[in-house]
Amino acid sequence: MRYRITHTTAYNYQQTVGLSYNEVRMLPRPSPNQQVIDSKLQISPAPCDYRVRTDFFGNQVAWFSIREPHLTLQVTAVSEVRVIRQPGQTDLGHGIGWEAAREILRSETGESTLDARQYTLDSPLVNADPDLAAYAQASFAAGRPLPEAIHDLMQRIHRDFTFDPEFTNLSTPLATVLEHRRGVCQDFAHLAIGCIRSQGLAARYVSGYIETLPPPGQAKLVGADASHAWFSVYLPDLGWMDFDPTNNQTPGDRHIVVAWGRDYSDVTPLKGVIFGGQDHELSVSVEVENLGL
Amino acid sequence: MTTFSLPESFASAYRQEPDGYDEMLDETGRIRAHWQHLMQALIQLGPEEVSQRHREALRLLRENGVTYNVYGDPDGANRPWRLDPVPLLVSSDEWFDIEAGLLQRAELLNLILADLYGPRQLIKKNLLPLELVYNHGGFLRVCDQVRLAGQHQLILYAADLARGPDRKMWVLGDRTQAPSGAGYALENRLAMSRVLPSLFRDNQVHRLARFFQSLRAGLNAVAPKRSELPRVVVLTPGPLNETFFEHAYLAAYLGYALVQGDDLTVRDGCVWLKSLTGLQRVDVILRRVDDNYCDPLELREDSRLGVPGLLDVVRRGNVAIANPLGSGVLENPGLMAFLPGIAEYFLGQPLKLNSIATWWCGQSRELSYVLANLPRLVIKPIYRKPGEHAVFGHKLSRAELAAWRQRIQARPAFYVGQEYESFSTAPSLADGCYQPRQSLLRCFMVARADGYTLMPGGLTRSAHSYGEMLITNQMGSISKDTWVIASEPQLSSVAQAGDNGLSGHANALPSRAADNIFWVGRNAERAEGGIRLIRATIKKLFINPERDNPDYQESMHTLLRCVTGTTGSYPGFFGEDAEELLKAPEAELLVLATDADRIGSLPDTINRMAQSAYAVRDLWSSDTWRVVDEIEEQIAAAQRLRKSGLWSMQEQMDQLVTTLSAFSGLAMESMTRGDGWLFLDIGRRLERGLQLVSLLRTAFAEPQSEAAETRLIESLLDSSDNLICYRQHYRANLELTPFLELLLLDPNNPRSLAYQIARLQEHVGKLPREAGNRRINAEERLLLEASCILHIANIEELQSVAENGKREALDSQLGKIYGLLANLSETLTATYFRHGDAPQSLS
């Protein structure tokens with residue numbers, strides 16, 4: 001499926017900003033399931049310095065600075081992407097058991113396993129503490145195939161937790177989400193990642209988008225019209241597999257990946273340091289157009 | 001040579017455990033060969049003389065402002081540096097082995113650093129566990145694939161060494177981010193060679209200066225290829241940092257500008273220094289800021305110490321940082337367990353210098369060992385946060401041990417256990433006799449294009465009490481000089497280059513430094529003016545007070561109001577309760593003389609002056625700094641006299657006036673006439689002008705009886721040191737006309753307003769300004785106007801009393817001049833000192 005995504009972030013400042021340095025992770029990365037046909041950033045006011053590089057996790061990062069005094073900063077990413085339906089997701093009961101997967105992660109040093117191993121460790125926003133391990137335990141019965149265990153975990157999160165944008169913000173700790181059983185897609189992804197890592201397995205955070213208007217006859221997904229987030233699990237025999245706990249599904253061809261990392265802090269869409277400005281208001285809009293096959 | 005043995009009295013005092021190793025004494029109680037000469041000389045000098053020399057060394061260090069800030073201790077700021085008069089001696093033979101081992105270790109750590117931010121072969125080949133590196137807070141993923149130009153990534157390296165019971169030297173820790181201590185080692189050396197010159201010479205001690213030459217060469221070698229003479233700056237977190245003294249000292253010694261994060265800015269892919277003469281491109285940053293704090297955009301966003309955008313300039317290769325961002329990844333005790341294997345892999349050699357035995361708990365066998373042997377191990381986190389220290393298992397209670405076992409089991413990859421070793425002892429002078437103390441040696445290396453250079457010596461620190469193995473500056477250790485000497489003393493034959501400073505190219509003055517210097521000038525002048533006036537007031541208050549004489553009272557009240565105005569301690573004698581205060585002014589004057597919490601008090605003004613001076617410590621000569629130290633001592637002495645009352649403080653005030661004058665004089669004589677000197681003198685002249693104008697308005701805008709004014713004139717002449725000058729000039733009675741002429745118009749009186757304005761005009765004309773701009777600038781315009789008002793002023797008219805009973809002309813003309821001078825201060829601030837807004841992070 002082909003999509004055109006228009007992702008706009010605008011900061012309206014109370015006072016003039018004279019100087020600003022920014023980092024943007026809004027340009028979608030290519031992956032085995034995703035081809036990036038075109039992708040560009042429109043920045044207003046025009047930056048005096050602009051560079052794109054690939055970061056530690058393989059994401060596209062745009063770095064820019066603005067010296068022109070301004071009251072509004074607007075960054076728009078326009079991208080055209082082709083998403084290929086992820087294979088092998090229908091049959092969750094197959095694959096190796098989760099303990100065997102853990103053992104492979106610990107001992108094997110092949111390139112992809114070694115790369116996955118970093119995602120078994122704690123990260124800035126996700127600490128796999130005993131409370132998360134306790135919550136995870138019900139899904140990890142002895143010998144259970146790994147995809148099935150993760151699928152069960154995803155379903156339980158979807159069932160046990162309420163989607164509530166009013167309850168959490170970017171700095172809400174995971175413990176609070178777990179205690180009150182409320183949050184947004186970002187919290188659910190972090191929660192699942194922490195649960196999976198508590199079992200010695202590898203999970204990473206994926207930021208991206210989902211289609212705004214569903215095809216006829218299908219329901220609109222939660223998290224449309226904004227940045228979305230889910231998680232991905234490393235299956236030693238199959239590679240990485242995505243799960244969306246907010247929508248209780250394994251992404252097919254309606255999820256568009258922008259970036260991935262250990263948690264949200266690795267893939268923040270727009271970061272900046274500004275001089276001046278005082279208070280600011282932030283507005284974000286995302287439009288995902290389905291361009292057909 | 002003849003063997004010298006210890007006198008009985010000495011030997012009995014120098015007690016040590018039978019199985020411990022002592023650096024000076026061998027197992028049979030004899031002095032080791034390389035200590036013979038030193039100990040003989042020390043004993044011949046006698047304890048009294050050595051103590052005397054010791055005090056002399058401490059005085060030198062204190063006067064040079066050598067300090068170490070201790071966090072969380074109310075008296076911890078600028079704690080004087082402590083130096084033991086007995087150096088640690090290392091024989092040349094042993095040093096040869098230490099050097100070979102350390103240079104190998106430096107090369108090895110350099111290769112590891114390059115690998116961890118490059119191909120990561122060590123992890124792929126299973127020579128380093130991924131968990132040990134990726135769990136470490138110093139592994140900065142944003143620094144991946146970033147390389148310095150040149151052969152070396154690790155430019156500066158320091159290692160802490162100690163001798164274990166097996167008599168071998170062991171490496172206890174590696175410092176690879178922003179190693180501190182080299183400057184202190186140099187200061188120790190300078191102090192020792194001054195108080196024990198013959199000892200130092202006869203022992204043929206290796207000199208340190210060459211190390212600092214290597215440092216300069218090493219920094220030049222990593223500069224982006226652009227110019228012959230790269231601009232190097234020293235980046236400091238600021239005066240509150242524990243080793244700020246050293247940052248300022250190294251900057252001054254090496255001839256580099258000392259800067260804080262907001263002195264630098266990123267523009268067009270380069271780093272620039274915000275200086276008085278505009279933006280100056282920076283090639284190399286010698287950083288003393290931890291890497292996580294260096295760029296709030298890509299690293300810790302709450303950092304106010306860094307430079308937004310810095311990391312991307314590094315990535316583009318347009319600036320080099322030593323040590324590079326991310327080099328903290330090597331400060332990981334867990335690495336020690338893997339170094340032997342890595343040495344074989346990279347160098348094909350065994351490690352020449354062992355690390356202390358270390359078990360990383362991220363491996364199951366090692367974890368079991370550590371848990372089982374916890375009471376006799378040292379526990380360390382792999383990543384040390386500020387304020388965290390090693391934990392000694394043998395000092396823990398049963399419950400604490402259990403808690404630690406739980407903590408380690410919960411996150412085993414985050415901890416190591418290390419062998420608890422008893423280090424060797426060396427003699428220290430404590431309580432008047434020589435006693436054995438455990439000691440640690442920090443060695444310093446720097447990478448030049450052709451390899452690493454080791455400082456021949458180092459910073460030795462000894463425990464504050466016998467048997468203590470936790471030796472850190474924060475915990476109150478005592479430093480020692482370290483002498484690498486030949487086993488047989490040799491006569492000094494070759495003339496060596498002295499340890500004096502190396503010449504550097506003139507640096508542009510950072511705007512912040514100019515700001516600080518300006519305020520040193522203003523506050524020094526304010527303090528001096530305040531003290532003079534308070535001193536004159538005390539005299540009048542205590543010597544022949546004529547409390548019933550209305551003329552006396554009137555002049556006294558005016559004088560007191562002048563005190564409030566000059567010190568800037570409003571409301572004071574102008575406030576709502578002024579009437580009460582004027583009746584019994586002693587309490588308020590005492591507060592002004594002693595209460596540091598009162599804004600405008602003498603201690604407050606002097607503290608501000610000293611703080612500004614300290615922030616630009618690198619710009620003062622050592623004599624000037626000694627005077628700053630004396631000023632602080634004297635105001636503290638005055639504060640201690642609080643209970644004895646004002647009268648008893650006069651001597652301290654006399655001294656302070658002298659010392660403050662000495663400060664001005666020294667600064668005048670020892671600073672080159674560059675921008676720094678200009679701003680110091682502008683600050684002084686501006687403050688003196690403002691004080692004078694405010695004084696004259698307060699004193700004479702409202703006419704008083706002639707007798708009262710005569711008394712006032714006498715006090716003001718006295719306080720401004722003009723009484724004798726007045727009498728020489730006018731030989732007349734004290735009258736307002738000649739008084740105003742002397743203080744306002746006399747161009748040759750260095751305390752007149754005309755004189756201040758003339759100097760300011762000269763100085764402002766020399767300040768850097770935009771090229772090509774020939775028009776008169778704002779500062780010049782303000783001064784020209786003030787000068788005109790002053791010169792067309794008519795003394796008769798100024799004294800005339802208007803219908804409303806006031807000296808309207810005097811009040812309004814002086815009021816205008818005051819406004820112009822105050823405006824000048826603001827304009828200078830806006831033009832030269834503006835640092836812009838503080839940055840904030842968006843999220």
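**Close-up views of a predicted two-chain model**

Buried residues make up 44% of the 293 residues in chain A. Buried means that 20 or more other C-beta atoms lie within 10 Å of a residue's own; exposed means 12 or fewer, partly exposed lies in between, and C-beta atoms are placed from the backbone. This is a predicted model: local features need pLDDT of at least 70, side-chain atom pairs count only at pLDDT 80 or more, and totals for chains, interfaces and linings use all residues. Residues are numbered from 1 along each chain as its sequence is written, while chains are lettered from A and ligands numbered from 1 in the order in which they are written.

**View 1. Chain A as a whole.** Its secondary structure comes to six helices and 13 strands (DSSP runs numbered from the N terminus: helices are H or I, at least four residues; strands are E, at least two). The C-alpha trace spans about 60 × 40 × 40 Å along its principal axes. The radius of gyration of chain A is 19 Å, which agrees with the value near 19 Å for a compact globule of 293 residues (taken over C-alpha atoms; the globule rule is 2.2 Å times the number of residues to the power 0.38).

**View 2. Strand β5 of chain A and its partners.** Strand β1 (residues 2-24) of chain A pairs antiparallel with β5 (residues 70-83) of chain A over twelve bridges. Pairing requires at least two DSSP bridges between the strands. A:Thr9 has A:Val75 in β5(A) as its bridge partner. Strand β2 (residues 34-44) of chain A also runs antiparallel to β5(A), joined by ten bridges. Here A:Ser39 is bridged to A:Ser79.

**View 3. The largest nonpolar core.** This core has 225 residues; A:Ala192, A:Phe231, A:Val233, B:Val233 and B:Cys443 touch the most other members. A nonpolar core is a set of buried Ala, Val, Leu, Ile, Met, Phe, Trp, Tyr and Cys residues joined through C-beta atoms within 7 Å. Helix α3 (residues 92-116) of chain B gives the largest share, ten residues. Beyond four places in sequence, A:Ala192 touches A:Leu153, A:Met154, A:Ile157, A:Ala203, A:Phe231 and A:Pro245 (contact: C-beta atoms, placed from the backbone, within 7 Å).

**View 4. Confidence along chain B.** Mean pLDDT is 88 for chain B, and 93% of its residues reach 70 or more. pLDDT is the predictor's confidence in each residue, from 0 to 100. Over residues 489-505 of chain B, pLDDT stays under 50.

Methods:
Two residues are in contact if their C-beta atoms, placed from the backbone, lie within 7 Å.
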